[in-house]
Every structure is written in C-alpha cells, then in structure tokens.
Amino acid sequence: MPEIRLEHVTKRWGKFYAVDDLDLVIEDNAFVTLLGPSGCGKTTTLRMIAGLETPTSGRITIGDQVVFDSQQGINVPANKRKVGFLFQNYALWPNMTVYDNIAFGLSNIKEPLPTVDFEAKNAARLAEILKDPGQVVKIIEDCRDKKGKIDEKKAYVKLIDAFTISIYTAKKLYNYHLEQGKDVSGEITSLQTKVDAARKAQTLNDRFEVVQNGQVVTQVRKLSKEEIDLSVRRVSRIVKIGMFMDRYPAELSGGQQQRVAIARTLAPEPSVLFMDEPLSNLDAKLRLEMRYELQRLHVETGSTFVYVTHDQMEAMTLATQICLINNGVLQQYDAPLTVYNRPDNLFVADFVGNPSINFVEAKGKQQADGSIALEVFAGRKATFRPSSPLNLEQWFRDRDAHQAAQAEEHRKKAAEKSYVEKGNKDETFRYHIAKVVEEDDSLQEEPVLTNEDLVLGIRPEFLDIVDQGSLEGEIYGAMPTGMESTIKVRVDDFLLTGVIFGSSLFTIGTKVPLSVSGDNILLFDRKSGRHIASGKLEF
C-alpha cells in the first residue's frame, strides 16, 4: 500500500479557507483518523486526496504518483487514483441484490489486464481439489438439514470459502456428487490432460497468465465473470456476508448494509480506503461492534485507511494516528495516547477526552528549584513540579521568537499578488471554566495577559476522593454508571469533573477531601494556548 503525502495543500472558497496550508504524511498501512468539530475541513481534506475536490494550491502524492500539483497543472481524476471511498450514506442500489451491488463497480472496470486461460486454470484447480475427495464430502455432509436433505446454497458457500473458488467452480464441484462415493479418477485424468494441452499450446505461468518473451501478455479488457465472482466472494468472506448474496438491501439490518458497502469498496482492491463517518447512521451498540470489525479489516487487508469522524472516542479506539484539525489548520498529528497525554495546545486537550478535561486558570512564577508557585481558584496556593527540567523564561522567549517568525512569514505571503486574506481568522482557543454561577464570556472584557497567566489541565481520572486530602470539595452532582461514577465537585465557586472507579454512591452536598494525583497534569500558556509542560500538582 502507498504512502500519501500532502504538501502545503490549501482549499478556499473566496476568503473562507476550508483547509489552510496543510502538510501531512500518511504512512503505508496506517489507520489515520481526521478528527475535529463540524466544518473544520476533515471531509474536504479527504475529498481532495480522493480527487473529488480540487485543491486551490499545493501538492498531493499517492505512492510514487503525483496526483495533484497546482504549479505543474497535474490533476489525476478520481477514477485513476485507485482509491476506495465509503460514504456516510451507504448508497446501495435498492433494486439490486447484495451480490450485484458488490459486483457493480467491478463490471465497469476496463483497463490493461493480464491474458488468462481461465478454462485451464479452473481445470487445474478442480483436479487439485478432487485428489482429496474426503474434504469435499465432509463439507457437503455438514450441509444436510434435519431431514437429511443437502442445502445446495449452503454447500456452495462453504465450498467457495473452503477452497477459495468461484460460484461456477463450486457448482461443478458439487455436481460430481462425491458424497455418493463416485470414483472421479477418470475425471481427474481428463482435467489434467486439458491443462497439459493448454500449456503445450502456449506458455503459461503459475497463475495461468499467457507469457511471451518472458513478459505477461496484457490486453485492454473487462473483468470476466469468473474474476468478478472471485472478487465478490473474496470480500464477502472478509466482511462475513457470504450467506446474504441473494438478498436485497431492504432485507438487511443497518450493520449488514454497512458491511455490503465496505465489501463493494474493497472489491476493486483500492490502494487506499477512505471512509467519511461511515458509522454515524448506526445505533450505539452496533457502532461499537463495527469498530471492532474495522480494526480487524485493517489488519486483514493490510490497506491504508483514512477515516473522517467528529467522534473523538472513535478516533481514539480505531486510529494508529490522529490528525486533529480546527478551522482548516492542523493542530496535532500523533498517536492517540500521545494526543491524549501530551496535547500540543488547549484546543487539543479540550477536544480529546470524555469526560472533558478540567481547566483551571492560574497565576504563577518559577522558583529557584524549578517548580512553579501558583495561585488558583479563589486565592489558593499550589505548586506545579514539571516532570522534566523547565526554564520558563527561555520557553517564553522561544514562544515569542516563534510568533515573530510566523508574523514575518504572513507578511511575506500578504505581499504576494495571489494572496487572499483569510476570512475565518485563527484565534487562540477560548476554553471553558466551569463555575457554579456561569458567566457570559461575550460580556467580559478581554484581559491583559502577561507571562504569569497560565492554565492548568486536569484530566477527570486524576481527581481523587481520599481519606485525607489537601483540598476540600463539595459533591455538586453525581452520575453512577456501575463500574464508575462521574462526579461534579465544587471547590470555592468552581466546578471540577472527576471519574471515581467503583460502585460508590455519592450524596449531593457532602463535603469530601480531594487530591490531584499523577504526574501528567498539564500546564499551558494562557496567552498562546500552547502546552508548556506536564508534571505534578501539589496543594
């Protein structure tokens, strides 16, 4: 499977930038989820790679082929990119059977393909299977009903799956009626003679492709019925819908329809499989089951999967890499647990995690020992101890230098004639501070921020109720789910969310001692929103 590379890819409509200067490398055999809020540019990115949307500028490479380059005028059409696209709407033909739906795309393929002697190939395969009739008999005998009658349809499917053959070969094999003890030694000899005659007439390789001068002979042709059937049976075996071939979409459940759509997409053997929120139409339980199926499918096919979702739980559980986008701009591209434990900025920390992270505003200065003395909540004192050595002043100098470089780069771009100012401006993410009495942020004046203004990020699982805690809180709300409870705890006029494992019951209004545990408390710069360090928090 190929690597996908996006270089400075931009897509805009007028002054609205759907995707803004995106650089991204999707590695071979990766499962990448494009994650972000609605309207952030996920689907647009996917459609540009697939060829369904034309970028305004940039370069896209799939494997060794440049499929789009704005400077060189390259734009390979979607049907030439050899990618599969699975939409949110399954788009199955209601008047076609499952088999016909899967085969539909295959029947339209017409391209240079190897010349194959299918008659000789099938004869060789039949002869090979007939040499061990006992296995065939066992499969057929397993298909008898309570009355002892053989279910032909079931026998065909089992023979197809057992020997990886087409329905046409399966029917021939069944019609030998080996279960009746017939002697097929003469038939094996006849089939082998046919194969030998074909090999004498022309040079055939192990796959029964015609070879001339050491090269496989190709011709522009459509797929034969044999090839189409083998492909349909192959993908139906992968997604486990072999018994539904004669049904119509209306006769299938939502999950089964989803499997048919996946099989249809896999049938042409695309180099990359794109999926645009394919599970959003399913109920919660079925969606969970299909996540496991997609994981298994990714491993079995060895394909590169690119998956669009706004559900961070799907992204965390499915992906090998998460590409988190906001307002058309890439925020972070990392492994799921890295995105969760080491978010690059406030937006990433807030978007990933359920329940959401707790943000606590703080004023702080670094001490001689490297720790940072903080003032949080209503004047409470706390100490943040970074997990690794941190020079906060140097960090601020690096931040300012980075922002100055970005401003200079923007100035140079703005001087170009082709430049269009971005209408949907990028702003530092406005995090939410949960309070007992909520304030309307729109009515608040923008504060004047200094380097002392910081933000703490505390994941709910790090808030503990202990026997003796350095922080006292009051239970404000509790939602037990069995193995855990999600609680809201009031500290001064602020509310913190915690996840307490176990089946304890909590009474609203109860005073509880609290502790913030773990060495993965996050410290952010309030001015830029960027992550500064991770460490411990002591009250």
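The crossing of α9 and α10 is right-handed, a term used when the near helix is turned clockwise from the far one by less than a right angle. This is a predicted model, in which local features need pLDDT of at least 70 and side-chain atom pairs count only at pLDDT 80 or more, while totals for chains, interfaces and linings use all residues. Residues are numbered from 1 along each chain as its sequence is written, and side-chain values use heavy atoms, with hydrogens and water left out.

Helix α9 covers residues 254-266 and helix α10 residues 284-301, and their axes come within 11 Å and cross at roughly 20 degrees. That angle makes α9 roughly parallel to α10, since angles under 35 degrees count as roughly parallel. In contact (heavy atoms within 4.5 Å), Gly254, Gly255, Gln258, Arg259, Ile262 and Leu266 of α9 meet Leu286, Met290, Glu293, Leu294, Leu297 and Thr301 of α10. These residues divide into six nonpolar, four polar and two charged, where Asp, Glu, Lys and Arg count as charged, Ala, Val, Leu, Ile, Met, Phe, Trp, Tyr, Cys and Pro as nonpolar, and the others, Gly among them, as polar.

Turning to another pair, helix α3 (residues 118-130) and helix α6 (residues 167-174) pack with their axes 11 Å apart, at an angle of about 45 degrees.

Methods. Axes are lines fitted to C-alpha atoms, for helices over the stretch in contact, and angles run from 0 to 180 degrees between N-to-C directions. Helices (H or I, at least four residues) and strands (E, at least two) are DSSP runs, numbered from the N terminus. Angles under 35 degrees count as roughly parallel, over 145 as roughly antiparallel, 65 to 115 as roughly perpendicular and the rest as oblique.
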